Amino acid sequence: MSTVYTCFCTDIIHEGHQNIIHEAQKLGAVTVGVLTDSEMIRYNRFPTKSTEERIKMVEALDGIAQVVIQDTIMYNHIVKNLRPDYIVHGSNWDDPGMNVIKDNIVSCLKEYGGKLIEIPYTYNPTIQKIDKQMNEKLAMPEFRRKRLRKLLNLVPIVKTLEVHSGLTGLIAEKTIVADGEAIDQFDAMWISSLCDSTDRGKPDIELVDMTSRLRTINDVMEVTTKPIIFDGDTGGLTEHFVYTVRSLERMGVSAVIIEDKKGLKKNSLFGIEVEQTQDDIENFSLKIKAGKQAQLSDDFMIIARIESLILERGMDDALTRAFAFRDAGADGIMIHSRRKEPFEIIEFCDKFRQSDQYTPLVVVPTSFNSITEKELAEHGVNIVIYANQLMRAAVPAMKSAAEEILKYHRAKEVDSKLMPFKEIITMIDEL
Ligand code: SPV
Ligand code: MG
């Protein structure tokens with residue numbers, strides 16, 4: 001009897017999947033692969049069921065010879081192991097990244113003469129509704145909030161992109177790259193105080209009030225599903241911070257990062273060029289403790305950000321603070337630096353990891369941007385935040401468009417550099 005393989009990357013079995021199984025059964029004994037959580041995250045959306053639950057869901061289907069785990073989105077391993085006569089796949093090759101998967105399947109099968117059978121993709125109103133419901137579920141506060149902690153256990157490093165509006169949220173949500181070897185996308189979003197302020201033409205000095213910042217979060221949440229890390233600046237007065245924690249938690253934000261500064265906070269990228277005061281360990285620890293006491297769910301994270309390297313107070317001070325803030329209840333430590341080279345960040349992470357293997361470490365490699373995610377992960381970093389690159393990409397492009405219009409007294413010359421609006425609105429989902 002011929003053997004047939006198909007892979008399911010889904011939380012729910014609908015008529016489209018049943019149709020694939022039905023067609024596959026006509027060809028021979030059917031093995032169904034279940035894609036692992038970590039691969040689902042890169043290629044598709046975050047699974048709302050665990051790998052084990054998804055295996056059980058597929059095992060419950062009639063007429064399946066076996067269920068196996070597929071641990072990479074590319075088919076090389078699984079095809080090498082199973083050598084199926086046929087691979088059956090839906091014809092949704094126009095979806096992001098899918099053409100790369102098709103090329104991969106075809107090249108794997110070519111090695112021994114296996115065949116790809118494409119089944120017309122079923123996308124009727126019922127399936128469309130199921131698809132939307134799954135997405136909506138991911139956006140709900142209870143589901144979204146806990147996803148950062150899950151990600152920390154699933155991926156080598158949580159890749160986080162700065163967003164400050166619905167549109168930038170859509171870019172973080174939907175950008176997928178497929179480079180032949182793998183498919184990848186961002187895991188989480190960062191609501192930066194710098195970019196949230198800059199977008200309003202205001203300085204990054206805790207001037208934009210919390211109500212406005214919560215509004216930014218809401219704009220992002222309206223159109224996205226990925227977890228959110230909020231830049232809480234200094235956290236303000238402890239008496240105020242506890243209310244902020246409650247608001248963020250209720251909205252479905254996964255984490256707040258607060259920095260150990262007090263008084264008039266200025267952006268860290270200024271370092272000691274401007275006057276900034278670091279809070280003392282006792283005071284800041286009390287703020288962390290109060291925040292942890294105020295939160296109601298187990299999922300929400302309060303991450304302490306240490307400014308000792310920014311303010312040139314030395315490595316020992318940074319490490320002392322890291323352990324003190326962890327002991328005060330911080331769920332993670334962010335260490336910041338504005339050096340061009342990553343040496344001091346690496347030294348901090350290595351020394352911290354010598355006595356603490358578990359507390360998540362967060363870095364923002366704006367200045368030390370030559371270090372790769374893989375290298376950061378090797379030094380124990382769990383979350384990397386790309387904190388301002390979208391805004392820095394947008395501003396020069398907007399400025400140059402404005403200059404060209406002024407120069408030529410019409411918009412024709414600039415038009416070839418602009419994205420057609422039709423293309424921009426393809427990112428926007430309609431109900
Ligand atoms: C931000 O993005 O607002 C940050 C990171 O706090 S940094 O600008 O590097 O201080
Ligand atoms: Mg900030």
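A crossing of two helices is called left-handed if the near helix is turned anticlockwise from the far one by less than a right angle, and right-handed if clockwise. Keep that in mind for the first two points.

What you have here is a predicted model, in which local features need pLDDT of at least 70 and side-chain atom pairs count only at pLDDT 80 or more, while totals for chains, interfaces and linings use all residues. Residues are numbered from 1 along each chain as its sequence is written, chains are lettered from A and ligands numbered from 1 in the order in which they are written, and side-chain values use heavy atoms, with hydrogens and water left out.

1. **H11 and H12.** Let's start with helix H11 (residues 210-223) and helix H12 (238-251); helices (H or I, at least four residues) and strands (E, at least two) are DSSP runs, numbered from the N terminus. Their axes come within 11 Å and cross at roughly 15°, where axes are lines fitted to C-alpha atoms, for helices over the stretch in contact, and angles run from 0 to 180 degrees between N-to-C directions. That makes H11 roughly parallel to H12; angles under 35 degrees get that name, over 145 is roughly antiparallel, 65 to 115 roughly perpendicular, and the rest oblique. The crossing of H11 and H12 is right-handed. Met210, Leu214, Ile217, Asn218 and Met221 in H11 meet Thr244, Ser247, Leu248 and Met251 in H12, contact being heavy atoms within 4.5 Å. These residues divide into six nonpolar, three polar and no charged. For that sorting, Ala, Val, Leu, Ile, Met, Phe, Trp, Tyr, Cys and Pro count as nonpolar, Asp, Glu, Lys and Arg as charged, and the others, Gly among them, as polar.

2. **H14 and H15.** Now look at helix H14 (residues 315-327) and helix H15 (residues 343-355), whose axes come within 10 Å and cross at roughly 45°. H14 and H15 are therefore oblique to each other, and their crossing is right-handed. From H14, Met315, Ala318, Leu319, Ala322, Phe323 and Arg326 meet Glu344, Glu347, Phe348, Lys351, Phe352 and Ser355 in H15. This contact splits into seven nonpolar, one polar and four charged residues.

3. **The magnesium ion.** Which residues are the protein donors of ligand 2? They are Ser193 (OG) and Asp231 (OD), lying 2.1 to 2.2 Å from the magnesium ion. Donors are N, O and S atoms within 2.8 Å of the metal (3.2 Å for Na, K and Ca); water is not among the atoms, so sites may look incomplete. Ser193 lies in helix H10 (residues 193-199) and Asp231 in strand S10 (residues 228-231), so the pair ties together parts that are 38 residues apart in sequence. Ser193 is buried at 3% relative accessibility, and Asp231 is buried at 4%. Buried means under 20% relative accessible area, exposed over 50%, partly exposed in between (1.4 Å probe, protein chains only).

4. **Two positive phi values.** Most residues other than glycine have a negative phi. Asp233 has a positive phi of about 55°, and His409 has a positive phi near 55°. Is each one buried or exposed? Asp233, in the loop between S10 and H12, is buried at 5%. His409, in the loop between helix H17 (389-408) and helix H18 (412-415), is exposed at 71%.

5. **Val58.** This residue sits in helix H3 (residues 51-59) and is buried, at 1% relative accessibility. Not counting residues up to four places away in sequence, Val58 touches Phe8, Ile13, Val32, Val34, Ile64 and Val67.
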